[in-house]
Amino acid sequence: MKFNFFHLMPYPTLPEDFDERFATPSLTYPSGQFDPQVGVEVYNRYLDELEYADELGYDGICVNEHHQSAYGMMPAPNIMAAALARRTKNAKVMVLGNAIGLHQYPLRVAEEIAMLDHLSRGRVVSGFVRGIGWEYFNHGLSPVHSRERFNEAHDLIIKAWTSTEPFEWWGKHYEFRYVNVWPRPLQDPHPDIYIPGAGSRETMKYCAEKRYTFMSVYAPTPVVKGWFDGYRAAAGDLGYEPDPEKIAFAIPIYVAETHEQAHREAKAYVEFLFHKGLKQGLEIVLPPGYMSESSLRGMLNAGPRKSFGQMSYEDLVDAGMVIVGSPESVNEQVERLRGELGFGQIMALMCIGDTPHERVVRTMELFARDVAPNFRSAPVPA
Amino acid sequence: MTTSASEPGVDVRTERLQVGAGEIRLLRAGSGPALLFLHAAGGGGWTPFLDGLSRHFDVLAPDHPGFDESEQTDEMEGVDDLVYHYLRLLDLLGIEQAVVVGASLGGWIAAELAVHSPHRVARLVLLSPAGLRMPEAPPADLFIVPPERIVATLFHDPAAAEGLFPAEPGVDDIMRIYRNNTAFARYAWRPFLNDPKLERRLYRVTSPTLVLWPDDDKVIPRAHAERYVERIADARLEVIEDCGHALYGEKPEDITAAVLAFANGGTR
């Protein structure tokens, strides 16, 4: 199994009265709330943590893209990846991912990822995402076109990476008469592609068809199981069984010396992540057209699900949405979840909400020393 | 808003018509000169407001492609496509000229239709129409209004909304709303509820025009109604008191009376 250290780069200091005053930390949370002095500290601190993960032997270090948000402060993930590419040695530099359909010029992503591939000597993983619903509000793009634009931008980027001659692109959303991207990537034919899914059948099928790595987003274990089963079933329909490493489980992880201490400390950070960071109304998460009618109907038929804000810390732990505990307990939880879900990679979020640096580092160290080695070469149980 | 209620005695016929690549639902009642009603973003269907009109007109109430019982097709991407769609529908039905009444999103379509083919429009009624680009007085962003605030946004008196929305929406209710909102987003997300070129083309509208604006419209500012009246040669503004943007959803009798008083001027 592979272990990757995932960073959201959250803005860690929200006002005391955040809950009463603000509907969300994204889209409309005023930029005046951003203190540049905090910014300069945390950007550098977070990069230190990602670099340290490489030193500790994590297989991958991961960044992602969000816009106009205190939840995640990486509008340009490739900049973070560039900073990491030159200062790390072994870990895959995973951009999970670029929101390709939000770009007016998606070839910029093809160019930047190819550059990163060279800077990192072939360690780049290229994630592609559609962007969260509210990112269609702040990009002035219709969510109705979300999937179309994603698919077209994807096809364009892949063709740009794999063509050796200039070509023309006459798409519905993009039109270029001269596509001839320099540089081409180092990895042949191109870096591995990872795509997150949140229940959409279209995405499962898409990943299975293209043999891309399918990643989960934060959700209760039975829900994630449904997604992973869906991906495996889609692959089965195509006549193959996906390598477990093509299934990546995203989960916040917090480790301390004892189980009690871990829970005592983690509670506030986990609540910060789910109650403040992910505080967002359905109207901005699921704007019209963002989800296909069949996926929405499937979701509604599955019955009501508590929103993050309605889940207490205990609910979140019970639902399997975080892994918290002593090294021993975390070993057990990983073992159990792996047995249940059948993933071959973990995308571990260890800077949960406003967790201070020292505690992030402790989680990283304890996990790297006392947990990861037990799973490195163990086969995923069938 | 859900809408299939009609008064006793009004015989509303449901027709399924192939228009271009897609099939649409057309609701039709009454006799007399043709009146094409273009519904707002909340959706189509039949309403008591149309009952009133059908006593004087052959009322045609189609669902826009993508809304309610009309198919969404790839060729319907913007309000310009809807204009061609409705010209095609009029051709198909053999209607040379109609009174065209449009509300909000439908008002925008109606105005564009009258700009494109002024001779097809006998009289034009715009109920708090969208469509103009007015950065100094933009419409409210209906896409970001949380469901629990929709009624307060659309109505002057929320009590008037009772019965128009399902109290405990089921899966099908939510799907209907989502589908209508998706169609709305397809036509109006960007440019947001406007065609930047519409205003400078309004000189083409030749029909007598009535613009109705409800005095408690929290979606479209009064400046839009005034601008339409300013730019259309033969237009006047009438303000409906104590009424929200829902217009015919909130005060069907008042709106029917105002539209009839104007539209009964007859076909030229």
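**Figure 1. The crossing of α4(A) and α6(A) is right-handed.** A crossing counts as right-handed if the near helix is turned clockwise from the far one by less than a right angle, and as left-handed if anticlockwise. The model is predicted: local features need pLDDT of at least 70, side-chain atom pairs count only at pLDDT 80 or more, and totals for chains, interfaces and linings use all residues. Residues are numbered from 1 along each chain as its sequence is written, and chains are lettered from A and ligands numbered from 1 in the order in which they are written. Helix α4 (residues 107-119) and helix α6 (residues 146-162) of chain A pack at about 45 degrees, with axes 9 Å apart; axes are lines fitted to C-alpha atoms, for helices over the stretch in contact, and angles run from 0 to 180 degrees between N-to-C directions. The two helices are therefore oblique to each other (under 35 degrees is roughly parallel, over 145 roughly antiparallel, 65 to 115 roughly perpendicular, the rest oblique).

**Figure 2. Residues that join α4(A) to α6(A).** A:Leu107, A:Val109, A:Ala110 and A:Ala114 of α4(A) meet A:Leu156, A:Ile157, A:Ala160 and A:Trp161 of α6(A); contact requires C-beta atoms, placed from the backbone, within 7 Å. By class, this contact has 8 nonpolar, no polar and no charged residues (Ala, Val, Leu, Ile, Met, Phe, Trp, Tyr, Cys and Pro are nonpolar, Asp, Glu, Lys and Arg charged, and the others, Gly among them, polar).

**Figure 3. Helix α11 of chain A against helix α5 of chain B.** The axes of α11(A) (residues 293-301) and α5(B) (residues 171-188) come within 10 Å and cross at roughly 150 degrees. That angle makes α11(A) roughly antiparallel to α5(B), and the crossing is right-handed. On α11(A), A:Glu293, A:Leu296, A:Arg297, A:Leu300 and A:Asn301 meet B:Val171, B:Ile174, B:Met175, B:Tyr178 and B:Arg179 on α5(B). These residues divide into 6 nonpolar, 1 polar and 3 charged.

**Figure 4. The side of chain B that touches chain A.** In the contact between the chains, 16 residues of chain B face 17 residues of chain A. The chain B side comprises 11 nonpolar, 2 polar and 3 charged residues. The model scores ipTM 0.93 and pTM 0.95.

Methods. Two residues are in contact if their C-beta atoms, placed from the backbone, lie within 7 Å. Helices (H or I, at least four residues) and strands (E, at least two) are DSSP runs, numbered from the N terminus.
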